[in-house]
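I opened this model to go through its fold piece by piece. My notes follow in the order in which I looked things up.

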Amino acid sequence: MLKFIGTGSAFNTKLGNTSAYIKENNTLLLIDCGELTFDRILSLNLLSDVNEVHIAVTHCHPDHIGSLGSFIFYCHFIKNIKPTFHAANSDFIELLEIMGVTEDHCAFDNCAFDPTVVIDSLDLGLYFMKNNHVKELMSFGILLVKNPSLEEHEYIIYYSGDCCDIEDNILDGLKEGNINYLYQDTCKADYDGNAHLSLRKLCELIPKELRGNVYIMHTDEGFDFDEAEGLGFKVVEIEKGGENKTMRKYIVWEFVEHEGWESHQFDTLEKAQEFKDRLEKVCSNEYILTLNLDY
Ligand SMILES: [Zn+2]
Ligand SMILES: [Zn+2]
(Lines give C-alpha, C1' and ligand atoms only; values in the text may rest on other atoms or scores of the structure.)
(Ligands and ions follow the chains in the order given, each with its own letter.)
Protein backbone atom coordinates (compact mmCIF):
# COMPACT_ATOMS: atom_id res chain seq x y z
CA MET A 1 0.00 0.00 0.00
CA LEU A 2 1.05 3.57 -0.54
CA LYS A 3 2.55 5.93 2.01
CA PHE A 4 2.44 9.69 1.58
CA ILE A 5 5.08 12.41 1.86
CA GLY A 6 2.47 15.11 1.28
CA THR A 7 -1.27 15.12 0.57
CA GLY A 8 -2.16 18.70 -0.41
CA SER A 9 -3.05 20.47 -3.64
CA ALA A 10 -0.69 22.97 -5.30
CA PHE A 11 -1.72 25.89 -3.07
CA ASN A 12 -2.49 23.88 0.07
CA THR A 13 1.15 23.83 1.10
CA LYS A 14 0.31 23.06 4.75
CA LEU A 15 -0.28 19.44 3.70
CA GLY A 16 2.73 19.37 1.36
CA ASN A 17 2.64 18.45 -2.32
CA THR A 18 0.85 15.18 -2.97
CA SER A 19 3.54 12.55 -3.36
CA ALA A 20 3.38 8.84 -2.57
CA TYR A 21 6.00 6.16 -2.08
CA ILE A 22 6.64 2.47 -1.54
CA LYS A 23 9.78 1.44 0.31
CA GLU A 24 10.57 -2.27 0.40
CA ASN A 25 13.66 -4.46 -0.08
CA ASN A 26 16.04 -1.45 0.02
CA THR A 27 14.16 0.04 -2.92
CA LEU A 28 12.25 3.30 -3.01
CA LEU A 29 9.56 4.06 -5.55
CA LEU A 30 8.61 7.73 -5.46
CA ILE A 31 5.50 8.96 -7.25
CA ASP A 32 5.82 12.67 -8.08
CA CYS A 33 8.28 15.11 -6.54
CA GLY A 34 6.77 18.60 -6.12
CA GLU A 35 8.41 21.77 -4.81
CA LEU A 36 8.15 20.69 -1.17
CA THR A 37 8.81 16.98 -1.62
CA PHE A 38 12.63 16.88 -1.59
CA ASP A 39 12.75 18.74 1.73
CA ARG A 40 10.31 16.22 3.26
CA ILE A 41 12.25 13.26 1.84
CA LEU A 42 15.28 14.51 3.74
CA SER A 43 13.41 15.18 6.98
CA LEU A 44 11.75 11.73 6.81
CA ASN A 45 15.21 10.26 6.14
CA LEU A 46 13.53 8.27 3.40
CA LEU A 47 16.74 7.23 1.68
CA SER A 48 18.12 5.40 4.70
CA ASP A 49 18.75 1.72 3.85
CA VAL A 50 17.90 2.41 0.21
CA ASN A 51 20.17 1.36 -2.64
CA GLU A 52 17.73 1.49 -5.54
CA VAL A 53 15.48 4.44 -6.44
CA HIS A 54 12.66 4.62 -9.00
CA ILE A 55 10.75 7.79 -9.79
CA ALA A 56 7.42 7.83 -11.60
CA VAL A 57 5.87 11.14 -12.53
CA THR A 58 2.23 11.78 -13.42
CA HIS A 59 2.59 15.20 -15.06
CA CYS A 60 4.75 18.32 -15.19
CA HIS A 61 2.92 20.78 -12.94
CA PRO A 62 5.37 22.26 -10.41
CA ASP A 63 3.60 20.69 -7.41
CA HIS A 64 4.49 17.31 -9.00
CA ILE A 65 8.01 17.85 -10.36
CA GLY A 66 9.27 21.06 -8.68
CA SER A 67 12.11 19.45 -6.70
CA LEU A 68 12.73 16.48 -9.00
CA GLY A 69 16.10 17.76 -10.27
CA SER A 70 17.44 18.30 -6.75
CA PHE A 71 16.22 14.86 -5.65
CA ILE A 72 17.98 13.16 -8.58
CA PHE A 73 21.21 15.12 -7.96
CA TYR A 74 21.06 14.24 -4.25
CA CYS A 75 20.67 10.52 -5.05
CA HIS A 76 23.58 10.70 -7.49
CA PHE A 77 26.08 12.95 -5.72
CA ILE A 78 25.37 12.28 -2.05
CA LYS A 79 23.94 8.75 -1.96
CA ASN A 80 25.82 7.36 -4.96
CA ILE A 81 22.55 5.94 -6.33
CA LYS A 82 21.55 6.33 -9.97
CA PRO A 83 17.74 6.59 -9.94
CA THR A 84 15.58 5.36 -12.78
CA PHE A 85 13.08 7.89 -14.06
CA HIS A 86 9.95 6.37 -15.58
CA ALA A 87 8.27 8.81 -17.91
CA ALA A 88 5.21 8.23 -20.03
CA ASN A 89 5.97 11.28 -22.16
CA SER A 90 9.35 12.22 -23.61
CA ASP A 91 8.69 15.90 -22.72
CA PHE A 92 9.36 14.97 -19.08
CA ILE A 93 12.83 13.77 -19.98
CA GLU A 94 13.50 16.87 -22.10
CA LEU A 95 12.55 19.02 -19.13
CA LEU A 96 15.06 17.21 -16.92
CA GLU A 97 17.75 17.66 -19.55
CA ILE A 98 17.03 21.42 -19.55
CA MET A 99 17.65 21.32 -15.78
CA GLY A 100 21.06 19.74 -16.41
CA VAL A 101 20.04 16.19 -15.46
CA THR A 102 21.69 13.77 -17.89
CA GLU A 103 21.91 10.01 -18.24
CA ASP A 104 25.06 10.18 -16.13
CA HIS A 105 22.88 11.11 -13.15
CA CYS A 106 19.73 9.16 -13.90
CA ALA A 107 18.53 6.33 -16.11
CA PHE A 108 15.68 7.47 -18.35
CA ASP A 109 13.07 4.83 -18.96
CA ASN A 110 11.02 6.37 -21.72
CA CYS A 111 7.85 4.31 -21.53
CA ALA A 112 5.87 6.59 -23.84
CA PHE A 113 5.31 3.80 -26.35
CA ASP A 114 5.24 0.85 -24.01
CA PRO A 115 3.59 2.13 -20.83
CA THR A 116 4.55 -0.99 -18.87
CA VAL A 117 7.32 -0.98 -16.31
CA VAL A 118 8.21 -3.79 -13.95
CA ILE A 119 10.32 -2.99 -10.90
CA ASP A 120 11.79 -6.40 -10.04
CA SER A 121 12.98 -5.56 -6.54
CA LEU A 122 9.45 -4.48 -5.58
CA ASP A 123 7.77 -7.13 -7.71
CA LEU A 124 5.57 -4.31 -8.96
CA GLY A 125 4.23 -3.42 -12.38
CA LEU A 126 3.46 0.19 -13.31
CA TYR A 127 1.09 0.99 -16.16
CA PHE A 128 0.77 4.63 -17.18
CA MET A 129 -2.71 5.62 -18.33
CA LYS A 130 -3.47 8.96 -19.97
CA ASN A 131 -6.04 10.98 -18.04
CA ASN A 132 -7.92 14.30 -18.16
CA HIS A 133 -6.44 17.14 -16.16
CA VAL A 134 -5.68 20.36 -18.10
CA LYS A 135 -5.46 20.92 -21.85
CA GLU A 136 -1.99 22.51 -21.66
CA LEU A 137 -0.10 19.35 -20.76
CA MET A 138 -0.24 15.57 -20.87
CA SER A 139 -0.99 13.82 -17.61
CA PHE A 140 -1.24 10.23 -16.50
CA GLY A 141 -2.67 8.02 -13.82
CA ILE A 142 -0.69 4.97 -12.78
CA LEU A 143 -1.92 1.44 -12.23
CA LEU A 144 0.27 -0.37 -9.70
CA VAL A 145 0.08 -4.13 -9.88
CA LYS A 146 1.73 -6.17 -7.13
CA ASN A 147 3.37 -9.40 -8.28
CA PRO A 148 2.43 -8.79 -11.92
CA SER A 149 3.65 -12.17 -13.16
CA LEU A 150 1.28 -14.13 -10.93
CA GLU A 151 -2.36 -14.74 -11.77
CA GLU A 152 -3.50 -13.69 -8.29
CA HIS A 153 -2.23 -10.22 -7.48
CA GLU A 154 -1.71 -9.14 -3.90
CA TYR A 155 -3.25 -5.82 -4.86
CA ILE A 156 -3.97 -3.53 -7.79
CA ILE A 157 -4.04 0.19 -7.09
CA TYR A 158 -5.04 3.00 -9.40
CA TYR A 159 -3.31 6.28 -8.56
CA SER A 160 -5.12 9.09 -10.38
CA GLY A 161 -2.44 11.78 -10.39
CA ASP A 162 -4.28 15.06 -10.99
CA CYS A 163 -7.51 14.36 -12.82
CA CYS A 164 -10.94 15.95 -13.24
CA ASP A 165 -12.85 12.71 -13.78
CA ILE A 166 -12.53 8.96 -13.45
CA GLU A 167 -12.30 6.98 -16.68
CA ASP A 168 -14.96 4.29 -17.21
CA ASN A 169 -12.38 1.49 -17.36
CA ILE A 170 -11.11 2.47 -13.90
CA LEU A 171 -14.63 2.63 -12.47
CA ASP A 172 -15.47 -0.72 -14.02
CA GLY A 173 -12.24 -2.19 -12.65
CA LEU A 174 -13.18 -1.02 -9.16
CA LYS A 175 -16.75 -2.30 -9.46
CA GLU A 176 -15.64 -5.69 -10.78
CA GLY A 177 -12.94 -6.06 -8.13
CA ASN A 178 -10.07 -5.95 -10.64
CA ILE A 179 -8.85 -2.75 -8.99
CA ASN A 180 -8.68 -3.03 -5.20
CA TYR A 181 -7.92 0.56 -4.24
CA LEU A 182 -8.35 3.91 -5.90
CA TYR A 183 -6.25 6.90 -4.83
CA GLN A 184 -8.14 9.88 -6.19
CA ASP A 185 -7.40 13.61 -6.57
CA THR A 186 -10.42 15.19 -4.83
CA CYS A 187 -11.21 18.78 -3.89
CA LYS A 188 -13.74 20.97 -2.18
CA ALA A 189 -13.81 23.43 -5.10
CA ASP A 190 -16.69 22.61 -7.44
CA TYR A 191 -17.15 24.58 -10.66
CA ASP A 192 -17.33 24.02 -14.42
CA GLY A 193 -13.93 23.56 -15.98
CA ASN A 194 -12.33 22.42 -12.70
CA ALA A 195 -9.03 20.59 -13.35
CA HIS A 196 -9.65 18.38 -10.29
CA LEU A 197 -12.52 16.15 -9.17
CA SER A 198 -14.89 17.61 -6.61
CA LEU A 199 -16.15 15.60 -3.65
CA ARG A 200 -19.67 16.04 -5.02
CA LYS A 201 -18.68 14.40 -8.34
CA LEU A 202 -16.78 11.65 -6.56
CA CYS A 203 -19.98 10.81 -4.65
CA GLU A 204 -21.88 10.60 -7.94
CA LEU A 205 -19.30 8.25 -9.45
CA ILE A 206 -18.57 5.88 -6.55
CA PRO A 207 -21.40 3.76 -5.12
CA LYS A 208 -21.58 3.70 -1.31
CA GLU A 209 -20.44 0.10 -0.97
CA LEU A 210 -17.15 0.81 -2.76
CA ARG A 211 -16.20 4.05 -1.01
CA GLY A 212 -14.13 2.27 1.64
CA ASN A 213 -11.70 1.35 -1.17
CA VAL A 214 -11.29 4.94 -2.31
CA TYR A 215 -8.56 7.10 -0.78
CA ILE A 216 -8.89 10.84 -1.20
CA MET A 217 -5.67 12.84 -1.85
CA HIS A 218 -4.48 16.21 -3.25
CA THR A 219 -7.02 18.07 -1.11
CA ASP A 220 -7.44 21.83 -1.26
CA GLU A 221 -7.70 24.29 1.60
CA GLY A 222 -10.97 24.04 3.51
CA PHE A 223 -11.60 20.45 2.38
CA ASP A 224 -13.96 18.83 4.87
CA PHE A 225 -12.29 15.54 5.86
CA ASP A 226 -15.08 14.66 8.33
CA GLU A 227 -17.68 15.05 5.60
CA ALA A 228 -15.64 12.84 3.23
CA GLU A 229 -15.21 10.14 5.88
CA GLY A 230 -18.89 10.46 6.80
CA LEU A 231 -19.70 9.73 3.17
CA GLY A 232 -17.68 6.52 3.45
CA PHE A 233 -14.38 7.51 1.80
CA LYS A 234 -10.88 7.08 3.23
CA VAL A 235 -8.50 10.01 3.44
CA VAL A 236 -4.74 9.62 3.00
CA GLU A 237 -2.49 10.79 5.80
CA ILE A 238 1.02 12.20 5.73
CA GLU A 239 3.65 9.79 6.95
CA LYS A 240 4.75 10.94 10.37
CA GLY A 241 8.29 11.31 11.53
CA GLY A 242 11.10 13.76 11.15
CA GLU A 243 8.89 16.85 11.06
CA ASN A 244 10.54 18.29 14.18
CA LYS A 245 13.63 18.89 12.18
CA THR A 246 14.34 22.11 14.07
CA MET A 247 15.84 21.04 17.36
CA ARG A 248 16.43 23.22 20.33
CA LYS A 249 19.96 23.22 21.62
CA TYR A 250 21.12 24.95 24.77
CA ILE A 251 24.67 26.18 24.69
CA VAL A 252 26.85 27.28 27.57
CA TRP A 253 29.60 29.54 26.31
CA GLU A 254 32.74 29.49 28.40
CA PHE A 255 35.39 32.17 28.09
CA VAL A 256 38.75 30.46 28.42
CA GLU A 257 41.81 32.65 28.78
CA HIS A 258 44.12 32.66 25.71
CA GLU A 259 41.63 30.44 23.86
CA GLY A 260 38.47 32.56 23.61
CA TRP A 261 34.86 31.38 23.72
CA GLU A 262 34.20 27.63 23.76
CA SER A 263 30.74 26.08 23.51
CA HIS A 264 29.17 23.20 25.46
CA GLN A 265 25.89 21.90 24.00
CA PHE A 266 22.94 20.38 25.87
CA ASP A 267 19.55 18.99 24.85
CA THR A 268 17.68 20.46 27.81
CA LEU A 269 17.73 23.75 29.64
CA GLU A 270 18.09 21.94 32.99
CA LYS A 271 21.28 20.17 31.97
CA ALA A 272 22.79 23.39 30.60
CA GLN A 273 21.89 25.38 33.73
CA GLU A 274 23.27 22.69 36.01
CA PHE A 275 26.58 22.62 34.09
CA LYS A 276 26.87 26.41 34.21
CA ASP A 277 26.09 26.57 37.97
CA ARG A 278 28.57 23.82 38.79
CA LEU A 279 31.45 25.44 36.88
CA GLU A 280 30.75 28.94 38.15
CA LYS A 281 31.28 27.66 41.71
CA VAL A 282 34.71 26.20 41.02
CA CYS A 283 36.06 28.34 38.20
CA SER A 284 36.44 32.07 37.64
CA ASN A 285 35.80 31.84 33.89
CA GLU A 286 32.89 33.76 32.41
CA TYR A 287 29.81 31.74 31.31
CA ILE A 288 26.83 32.65 29.15
CA LEU A 289 23.81 30.45 28.59
CA THR A 290 22.17 30.75 25.17
CA LEU A 291 19.41 29.02 23.24
CA ASN A 292 20.15 27.89 19.73
CA LEU A 293 17.82 26.58 17.04
CA ASP A 294 19.57 24.18 14.82
CA TYR A 295 18.93 21.26 12.46
ZN1 LIG B 1 -1.29 18.88 -8.41
ZN1 LIG C 1 -1.72 19.29 -11.90
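Which residue in strand 9 is the bridge partner of Met129? I looked it up, and the partner is Gly141. I note at the start that this is a predicted model.

**Entry 1: strand 9 and its partners**

Strand 8 (residues 124–130) and strand 9 run antiparallel and are joined by seven bridges. I then turned to strand 10 (residues 156–159), which pairs with strand 9 in the antiparallel sense over four bridges. In that pairing Ile142 stands opposite Tyr159 of strand 10. I also checked how covered strand 9 (residues 140–146) is: six of its seven residues are buried.

**Entry 2: the nonpolar core**

Next I asked which residues have the most contacts inside the largest nonpolar core. They are Tyr21, Leu29, Ile31, Ile142, Leu144, Tyr159 and Leu182, in a core of 63 residues. Strand 9 supplies the largest share of this core, with five residues.

I picked Ile31 from the list and looked up what it touches. Leaving out residues up to four places away in sequence, Ile31 touches Ser19, Ala20, Tyr21, Ala56, Ile142 and Tyr159. Two of these names, Ile142 and Tyr159, are the pair I had noted as standing opposite each other.

**Entry 3: strands 1 to 3**

Strand 1 (residues 3–6) pairs with strand 2 (residues 19–24) in the antiparallel sense, over three bridges. Within that pairing, Phe4 has Ala20 in strand 2 as its bridge partner. Strand 2 is also joined to strand 3 (residues 27–31) by five bridges, again antiparallel. Here the bridge partner of Ala20 is Ile31 in strand 3.

Strand 2 and strand 3 form a hairpin with two residues between them, and Asn25 in the turn has a positive phi of about 50 degrees.

**Entry 4: helix 3**

Which residues of helix 3 are buried? In helix 3 (residues 68–78) I found Leu68, Phe71, Ile72 and Cys75 buried. Seen down the helix axis, the buried residues fall within an arc of 95 degrees, so they line one face of helix 3. The face turned away from that buried side carries Phe77 and Ile78, both exposed. I then looked up what covers the buried residues, and the cover includes helix 1 (37–43), strand 4 (52–56) and helix 2 (62–65). After helix 3 comes Asn80, with a positive phi near 60 degrees.

His218 has a positive phi of about 60 degrees, and His258 has one of about 70 degrees.

Is His218 buried or exposed? His218 has 30 C-beta neighbours inside 10 Å, so it counts as buried. His218 is in the loop between strand 13 (214–217) and helix 7 (225–230).

For His258 I found 4 other C-beta atoms within 10 Å, and His258 is exposed. His258 is in the loop between strand 15 (247–256) and strand 16 (260–266).

**Entry 5: the whole chain**

I left the overall picture for last. The protein has eight helices and 17 strands. Its radius of gyration is 24 Å, well over the 19 Å that the globule rule gives for 295 residues, so the protein is more spread out than a compact globule. The C-alpha atoms fill a box of roughly 80 × 50 × 40 Å along the principal axes. The protein is divided into domain 1 (3–235) and domain 2 (247–294), and the C-alpha centres of the two lie 48 Å apart.

Ile288 and Ser149 are 139 residues apart in sequence, and their C-alpha atoms are 66 Å apart in space. Ile288 is in strand 17 (residues 286–294) and counts as exposed, with 12 C-beta neighbours inside 10 Å.

Of the 295 residues, 35% count as buried. Among contacts between residues at least 6 apart in sequence, 55% join residues at least 24 apart.

Methods:
Residues numbered from 1 in each chain as written. Chains lettered and ligands numbered in written order. Predicted model: local features only at pLDDT ≥ 70, side-chain atom pairs only at ≥ 80, totals over all residues. Domains from an automatic or database assignment. Rg over C-alpha atoms; globule rule 2.2 N^0.38 Å. Buried ≥ 20, exposed ≤ 12 C-beta atoms within 10 Å, placed from the backbone. Contact = placed C-beta atoms within 7 Å. Pairing = 2+ DSSP bridges. Core = buried A, V, L, I, M, F, W, Y, C linked by C-beta atoms within 7 Å. Arc of directions from axis to C-beta.
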